[in-house]
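Reader: I am new to protein structures. Please take one part of this one and look at it closely, then show me the parts around it. Which part should I look at, and what should I notice?

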Amino acid sequence: MYMIHVVPALLVAAGTLLFSGPALAEDRGIAPGGCVIVTDPDGNPQGQCPLEHTDVQVDIAGFLARVTLTQRFGNPFTEPIEAVYTFPMSDRAAVDSMTMKVGSRVITGLIKEREEAQRIYQQARDAGQRASLLDQERPNIFTQAVANIQPGETIEITISYVEYLKYETGEYEFSFPMVVGPRYIPGGPQPLPVEPMDQDAGGVKSETFPRPIRRPDPVPQPQGPDAGRITPPVTPEGTRAGHDISLTVNLDAGLAIRDIESVQHEVQVDTESPSRAVVRLANRKEIPNRDFILKYKVAGDAIEDAVITHAGKQGGFVSLILQPPDRVTSNMITPKEMTFVIDSSGSMRGFPIEKAKQSMRMCIEGMNPNDTFNLVSFAGGLGYCFDRSVPNTRENRQKALDYLNNLEGSGGTEMMPAIQAALSGQDDERVRIVCFMTDGFIGNDMAILDAIQRNAGTARVFAFGIGSSVNRFLIEGMARAGRGASEVITLESDGDKAAERFHERIQNPLLTDISIDFGGLDVYDVYPDPDAIPDLFSAQPLVLTGRYRRGGDGVITVRGETSAGAFEREVRVSLPATEPENDVVASLWARQHVQRLMEQDWLGIQQGRPDTSIKKAITETGLEFSLVTQFTSFVAVEERVVTEGGRPRTVQVPVEMPDGVSYEGVFGASGDNFDYSAPMAQMKSLAVAAPSAAGSVEGVRMMERAKPEPPARQVQRKPMPNRAPAAADKDESLSKLSAELRNLPANAADGRYADGALTVRSGMVEVFVVLNDLNEDTLKTLKDLGAKVIAERRAGKTVHLSIRVSDLRKLAALEFVVSVKPPVF
């Protein structure tokens, strides 16, 4: 008999264990750079992680992207397994294809009602047949299950989707998410999950892995009944998840391409012609811990109107991409009530909150003289800079900046009270503008969208996603529900520029009060609704997708208001009676239709009690257009039986911690408050943090276990030496330290010191350290020096460290250290 061991527990709830397995925590082994191992009865390691690699192929033509990802699962064990992997895809994706490849055999997935697909999968799994199942948990979170992978066998799952590209101010953007960040689940203890693919009122169960659900103290109604399905296990601190990713973009822009930029990854660009290029990740085995974001421009300053049509057996479909008007600067300044809201929870600790503070400072400094404002922070509870909105005076701004500077990331992510505070008590004489900054790592995201829809009133919500792998479904949804705009600020982005764009949007929106007249064309079910089109705050196209009953020629008229007055433009359109090409337009319409239906019942869907008519309409749409939705899934089954005499063992695939996110911030200081008990297994793990005096949760604690020394491994590159500086090196090493740090030892002689961003506690100080290479060798050298790595930012080759003040000069003397500065952007 073999025992499946898992990564150390990273998850806890209010007294609730959400994982199980047959081994004691002390006995767990972590394979070097890997995730999970299997041991025989004598404790000998037998294998590693079942997900080996993900390959992503992207084909971009004009405004459309077709994305095809292939997940390669293997079985390094000596018995059949079921692999379960929770992963992200674009929240705008129309997922319309799944296949399973076993050897040379390809089985095409069939779209079924979710419950039926799960029954088919479970029956095939239990009967010993190879099978795969793709479920949607959120519009941007999916679960792939693959059953009866035989020892030494490889099974490939290929998933495909289509989406629109983003376009703003002359620049196209394609993004591909690579990791699901750790979700905080508000609410009380929830029941232990049941089988990974066996859903009932109790949720879901994994026999192998803990899941990183972060919860506050118990409250009567849990807000995440599906918590187990959106919180994959996170690989332990200091280890890798054991699977990697490659990505290739085939770009056909139609016009000459210029200014190709990859925001968070090093890439290789091969230009095939002025309008065609191939972009690849430079590292073909990249760690999947941050979004891939590609930006580029094309020749010409403006986009052209585009009309894409398809007419087939399901009817006619049209996608209209209409050029925005030029921005007009207004001299009239309308006083506004500005409410700034910043997430100061544990997942924001370090890099993310400092980036948010950088952007928020500029947002506060850029207000108009007659504006009023307040600053609100939220984590386990709420914090207010002022008890009500105050005038925009220099003194009040300074108080707000001082409040902002003192924020640190810790505790839970109780966003709902912050939403209520931001939208309640609106001033009848001023439009309230809500500026919201967060990573969006929560499990009750649909409930948040529901709350904004119901309470926005005349307010406008501008949402900023902060970090390397933000919850774009929530960030973009908040802006839609609050009739504002959204933007993602990565840790590599210019926060000041983002603040400038924010003020430009609210001061001079491009087009408001938009309406569309289809001029007698038989068009229906258009999204967004022609009578409720969101205002355009930036130079982005107006994208409409709809259906039509019959072909014909006509003129569509776009009307609205700019700062210079009324705007009107006519666009000639021809809708063909038959058009077999461009069938993706039907999928894109269906995706928009499903989103509109979900928007009518966010709270019911969040709570697992959707309105029956809405669930029925979403299900019918998914089945008709072969799309994965909240209520339809892809399932593929191979007919022959390959596993006799019982079910395969389930192995949950772990994921990386998002780049720049702190383990300590998410799971708390290691080793505190652990309850070593587990039903269904003798594994030891996990506990909950105690609330602070103010009642907020300080964070859920992560268990840190002593691990056996990994076996020696071959290193291709030259190890970085950890040596004392020679006399000739001293001036150079001192120059790596910022001015504040050079004089710090004398100022902190008693072990305590505070000045601006620098705080010394018990002789330890936190710093941001830029390296010329961030790899396992450099991290080991830093740890050997006595530094604690709080977070890694691989995109920027930067680490957030806690180190003894007395060791700062030794740190600066390391050859791979480029600079050391206080922990601020």
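Author: Start with helix 6, residues 472-481. Nine of its 10 residues are buried, so the rest of the structure largely encloses this helix. Buried means under 20% relative accessible area, exposed means over 50%, and partly exposed lies in between (1.4 Å probe, protein chains only). Helices here are DSSP runs of H or I with at least four residues, strands are runs of E with at least two, and both are numbered from the N terminus.

Keep in mind that this is a predicted model: local features need pLDDT of at least 70, side-chain atom pairs count only at pLDDT 80 or more, and totals for chains, interfaces and linings use all residues. Residues are numbered from 1 along each chain as its sequence is written, and side-chain values use heavy atoms, leaving out hydrogens and water.

Go along the helix. The buried residues of helix 6 are Arg472, Phe473, Leu474, Ile475, Glu476, Gly477, Met478, Ala479 and Ala481. After helix 6 comes arginine 483. Its phi is positive, near 50°.

Now look for other enclosed parts. Strand 12 (residues 154-164) is one: eight of its 11 residues are buried, so the rest of the structure largely encloses it. Two strands pair if DSSP finds at least two bridges between them. Axes are lines fitted to C-alpha atoms, for helices over the stretch in contact, and angles run from 0 to 180 degrees between N-to-C directions.

Zoom in on the partners of strand 12. Strand 7 (residues 94-102) pairs with strand 12 in the antiparallel sense, over eight bridges. Threonine 99 faces threonine 158 of strand 12. Valine 95 stands opposite tyrosine 161. Strand 5 also pairs antiparallel with strand 12, over 11 bridges. There, glycine 74 stands opposite threonine 154. Contact means heavy atoms within 4.5 Å.

Next comes strand 19, residues 292-298. Five of its seven residues are buried, so strand 19 is also largely enclosed by the rest of the structure. It sits in an open sheet of four strands, ordered 13-14-19-16, with antiparallel pairing. Strand 13 (166-168) and strand 16 are the edge strands, and each pairs on one side only. Neighbouring strands here are turned by 20° against each other on average, direction ignored.

Strand 14 (residues 171-176) and strand 19 are joined by five bridges and run antiparallel. Tyrosine 172 has tyrosine 296 in strand 19 as its bridge partner. Strand 16 (residues 257-262) also runs antiparallel to strand 19, with four bridges. Serine 262 is the bridge partner of leucine 294. Isoleucine 257 is the bridge partner of valine 298.

One single residue is worth a stop. Threonine 512 lies in strand 29 (residues 512-517). It is buried, with a relative accessible area of 17%. Leaving aside residues up to four places away in sequence, threonine 512 touches Asp535, Gly560 and Glu561.

Now step back to the whole chain. It has 16 helices and 41 strands. Buried residues make up 59% of its 825 residues. Among contacts with a separation of 6 or more, 76% join residues 24 or more positions apart. The accessible surface comes to about 31500 Å², and 47% of it belongs to carbon and sulfur atoms. Such areas come from the Shrake-Rupley method with a 1.4 Å probe; for residues, only the protein chains shown count as cover.

A cavity is a set of points, on a 1 Å grid over the protein atoms alone, where a 1.4 Å probe fits but cannot get out; lining residues have an atom within 4 Å of a point. There are 10 cavities of 30 Å³ or more. Grid points are joined across faces, edges and corners, and a volume is the space filled by probe spheres set on the points.

Methods:
On a 1 Å grid over the protein atoms alone, a cavity is a set of points where a 1.4 Å probe fits but cannot get out, and a pocket is an open set with protein on both sides within 12 Å along at least five of seven lines; lining residues have an atom within 4 Å of a point.
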